[in-house]
Amino acid sequence: MTYSGTRSGTAPAYRSRAKAGQASKVAENSGILAVSAGLVGVVSYVCTLLMANMLETTDYTHFAAAAMLMGIVGIVASALVPLPLSHIVAVHPAGSEERRDGMAFAVFVSWAAGAASALLTGGLALVFAGPDLAAAVALGSLGIFVVTAHAGWLQGELRFPWYALTTIVEVFVRLLFSLVVIALAWGAGGAVAGFAVGSLVQFAVPRSFYRDLTWRPGVLREKWRWAETSDIASVLCVVSVLVGIDVVVVGFLGGGSAEAAGFQALATIAKGPVYVAAGTALVAFPLLRSPGANVRKVLAEAFVSFGQLGTVAFAVIATAPPMMSGLIVPQKYHGSLGLLPWLAAAGLGYAVLMVLTTVLLALRAYRRCQLGLAIASVLVLGGLWAGWEFDGVRGMAIGCGVGAVAAALALAVIARPVLAVHASSGSGRSGFAWAAGVLALLVVLGVAAWLQPVVWLLLAGVGGTGVLAHQRGLLPTRNDLRILRRRRAAGRRSKPVGRRSKPQALSAGRLARIGARLSANTAATFVLVTVAGFGVRALGLERGFELWVDEMLYVRLGESVGAGEFPTLPDGPFFLHPPGYFLLEAGVIKVFGLSGDIIPMTLQLRWLNAVLGAVTVGLGYLLIRKLAGLAAAWLTAVILSFEPFILRNNSHAFLETSAMVPALAGLVLLVGSREGEGRLRSFARLAGAGLLLGYSVVCKDFFLICTIATVLAALAWKKTLPWRQGLVVTGFGIVPYAVYLLVVTVHGHFPAWQWAKSHGVVRMSGVEKSTGFTAEGSPSIVSRLVEQVGQFGTSYLLLVLCPIAGLLLCFSIHAGRRLMGLAGLALGAAGTYSALFGTFEEQYGYGVMVVGALCAVLFVVELRERFPGTRKVLAVIAVVHVLLTVALGLRTALTQDNGFVRADEWIQANLPADARISVTNSTGHFAYMHDPRFGIWPDAPLMEQNGVSYVLTQSKPTRQGYGYANPAMLAWLEEHATPMVTTAGPTNGETTIWYVDPAKRQAAAAANVGVPSKSYGTER
């Protein structure tokens, strides 16, 4: 008797037909599982980084050892139960005796093996840790085992989206639990307990699973079940060990060196193709074991799906430029980035091994599978050993890649006779075409990475998204294009005439339907819009936007929060702005282990704002889609992606970007009610909206205007928001700031907070005018607008439109549009007051422009609906505005404006250790305030007094009267000093480091050249 046999004949015919019909879903489901497995890997990696940075050294050592035990338990559990059970579930219908026997056997095995592993791993944990950690390890091991039956049932039922969702939720629950552990200081035991807590999610399966679960201990005496289970489990255990052995071996031989740790970190990332293989294997196995399955078709689709996704994953990882891969690898491991191509090759080899072994198991070619794995083990281990002997850790990476690829080729040769039986004609040509495609993709991405990392990022994003969209059936297939050509040919032959003839309608219809299918998927388009927005922001993030002193201040505040303090500057705690953004910065610093001087740290943390800015684009798209439809949403996405002023704010480490994300997310929830929504669901939605709006205020107080204040106004204006809903939103909205104030008060800082806020209100109201365009000596806002209209013309149009469009939207018949109108009117009015009477600084305009863009689009939609005759005129205006926005946005992103970065590069490489250099503005002062070579000595007498030989200047602000230096000093430097490095940019003009000859400096000092008009800042 075999494991696949039945006691009552074959399964019903309807089940065979259903399973055969599912064969066409291989690519779609394997793509879902590959993405979910990749996401699980990323979140697990984030959990590990959190623990590495937040736990004490001893605790983290214990956690790492326990996590390794959990990993081994997971490997054994995944091999022992899910695939055998998935076969039983796939073959036998619900309610049948055979299915109930198989499920009873699987549950018995999972609980028994879980209990045994709990005793074993708990005992091992007692060797290196205390009872609390040992108990957590035992619970985690038991939890990992007992949920494997649920996973196998979902796979057999082909409920792959459900399976993917539960695995994702499980790892996110573990991440949240890790954050709780950090907050409550539970140590390594609490962190390991996250494995047990996360496993509880897997119990959430359909009730039909539990209906077929019965007490049948007699199945444990059936030897054929044990034989089949052991065959599958032994093979999968060997594969899993091979996939992870490189990390274990290099950790043992590397002796804890930074190079070995870098190998381990990169090897985890390089196994991207393995996630693809796991998805393909989970889908292919139950389909191949299904009765009446079309084996040839399933194999063809499985190999094509794996080939497409696996190739893209391998090529993206292998060609990743250091600038991009360095973002997800801690800085201390950047010296190992050169190993990534070899490790990516190893990941592809392991992925091929996983797919081929699963296929051989499904086809019951056990002996060939075992022979192939024996040879693969020799090749992989031999490659690791030879590489270590040849060149240490680097040689091991090379040996790992060569050994894994050789092992995959060997297993492919061994599997060829079995696969040839089911191969379709032309499969040999397909293999050569696949190899050629891999080579071409590597060349294209490699050249793009070498020329411009941002181009590589765009190509990689388009490639990955395109493959997933193709596998989901969202793109035209070859057959679709063939039909399209036939229809075009038929249209040309018919040659229709007359005013009503539309010869292009047939050819465009199919493409229109495909576009409609893609656009109808809200989640997919949100991801697409967000990724595109991030790509635009990545274009000039490090070279297109000059450093500002504000963002360096905010980075230092984030570092202080990461160190466990209140936001703190050198002069004490900082309460002018609330800590929402600083908490986000601290999290990124901790997770990615960022450290270093202020300029590199600021450039790295700009990527946080780039991500938040991209999410802003996606949320704006969702909000307008709910309020005005799909076309308006796409228009909004383009404007928010390229709007130059928005782009500039998203490319600096400013507060406003972080405040806008929860504000828009809260508004999306607030307007997202559905027909027949339950009371509990409605309450949760409103509470979530309130918390998000409240967190926006915790990022920057100014956003109170467009969040909580707007909600309160909506209660009174035209019943825009029902009072009960408004009270729920407002009640939860004040919670985040109330928690912040409570923490401030408990720590005795309330008087300092009160003083900072009162002075901030006085300054913002214009009673005290020390900063902004209305301050004494500052250029007028009108002159600044005229000067920058060629750079931010469309931005200033949105600045003007915000209050106007907001006011008109307040009279819309749609409640959601009235709500946005109130937000736009409030922000626009506040911005107008600040510009005329208060302290209007440039970054204040960010919120006005984002909401102005949303209100402007909604206003155009309102006009089109009320006055249909204006549709063509409005369309022309919209197209012109979008084209101008894209042009100005690309110009802003691609124009070099990195004078401080270029100057810093020269300073790090060339400035003598005993040199003295003067800075001439606050940005330079803050950047180098801890370097004793730097000081504020902006005139010739001070330079002579302090022995200054170098001066760092910015021509544009100095000539406008900003900073510490007199324009006359700059003129003297241009005539008598030697420029060492000069970088031109639109923000600061020419940023230059000057060398001043001592004799000329002495003569200038005697003549009192450059004595500043202000006394502030001339002495330290």
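User: Is Leu266 buried or exposed?
Analyst: Leu266 counts as buried, at 0% relative accessibility. Keep in mind that this is a predicted model.

User: Where does Leu266 sit, and how far is Leu340 from it in space?
Analyst: Leu266 belongs to helix H12, residues 258-270.

User: OK, zooming out. How many helices and strands are there?
Analyst: The protein chain has 43 helices and seven strands. It runs to 1020 residues, and 52% of them count as buried.

User: And what share of the contacts joins residues at least 24 apart?
Analyst: That would be 79%, taken among contacts between residues at least 6 apart in sequence.

User: Let's do the sheet. What's the strand order?
Analyst: E4-E3-E5-E7-E6, an open sheet of five strands with mixed pairing. Strands E4 (934-935) and E6 (978-985) are at the edges; each has a single partner strand, so one side of each has no neighbour in the sheet.

User: Which helix packs on the sheet and touches E4, E5, E6 and E7?
Analyst: Helix H38, residues 899-910, and its direction makes about 20° with that of E7. There's also helix H42 (residues 967-976), lying across E5, E6 and E7 and running at about 120° to E5.

User: How many bridges join E5 to E7?
Analyst: Five, between E5 (residues 950-954) and E7 (residues 989-995), and the two run antiparallel. In E7, Trp994 is the residue opposite Val951.

User: What about E6 and E7, how many bridges there?
Analyst: Seven, again in the antiparallel sense. E6 and E7 make a hairpin with three residues between them, and Val981 stands opposite Ile993 in E7.

User: Switching to charges. How many salt bridges does the structure hold?
Analyst: It holds 18. One of them pairs Arg606 with Glu551, with the closest N and O atoms 2.8 Å apart. That pair links distant parts of the chain, since Arg606 is in helix H25 (residues 598-628) and Glu551 is in helix H23 (residues 549-562), 55 residues apart.

User: Is Arg606 buried or exposed?
Analyst: Buried, because its relative accessibility is 0%. Glu551 is buried as well, at 0%.

User: Which residue does Arg556 meet in a salt bridge?
Analyst: Glu559, at 2.5 Å from N to O. Both lie in helix H23, three residues apart, or about one turn of the helix. Arg556 counts as partly exposed at 22% relative accessibility, and Glu559 is also partly exposed at 22%.

User: And what does Glu865 pair with?
Analyst: Glu865 meets Arg817 in a salt bridge, 2.9 Å from N to O. Glu865 comes from helix H36 (residues 845-866) and Arg817 from helix H35 (residues 815-836), 48 residues apart. Glu865 is partly exposed at 43%, whereas Arg817 is buried at 3%.

User: Which residues do shared partners join into one network?
Analyst: Arg99, Arg100, Glu157, Arg159 and Asp212.

User: Last thing, the surface. Which residues form the nonpolar patch?
Analyst: Leu691, Ile734, Val735, Val739 and Val743, with about 380 Å² of accessible area together. Helix H32 (residues 735-746) gives the largest share, three residues. Val743 is in that helix and is partly exposed at 35%.

User: And how many residues of H7 are buried?
Analyst: Nine of its nine, so helix H7 (residues 148-156) is mostly covered. Just after H7, Leu158 takes a positive phi of about 60°.

Terms used:
Residues are numbered from 1 along each chain as its sequence is written. This is a predicted model: local features need pLDDT of at least 70, side-chain atom pairs count only at pLDDT 80 or more; totals for chains, interfaces and linings use all residues. Side-chain values use heavy atoms; hydrogens and water are left out. Patches are made of residues with over 30% relative accessible area and no salt bridge: like charges are joined within 9 Å, nonpolar side chains (Val, Leu, Ile, Met, Phe, Trp, Tyr) within 5 Å. Accessible areas come from the Shrake-Rupley method with a 1.4 Å probe; for residues, only the protein chains shown count as cover. A salt bridge is a side-chain nitrogen of Lys or Arg within 4 Å of a carboxyl oxygen of Asp or Glu. Helices (H or I, at least four residues) and strands (E, at least two) are DSSP runs, numbered from the N terminus. Buried means under 20% relative accessible area, exposed over 50%, partly exposed in between (1.4 Å probe, protein chains only). Two strands pair if DSSP finds at least two bridges between them. Contact means heavy atoms within 4.5 Å. Axes are lines fitted to C-alpha atoms, for helices over the stretch in contact, and angles run from 0 to 180 degrees between N-to-C directions.
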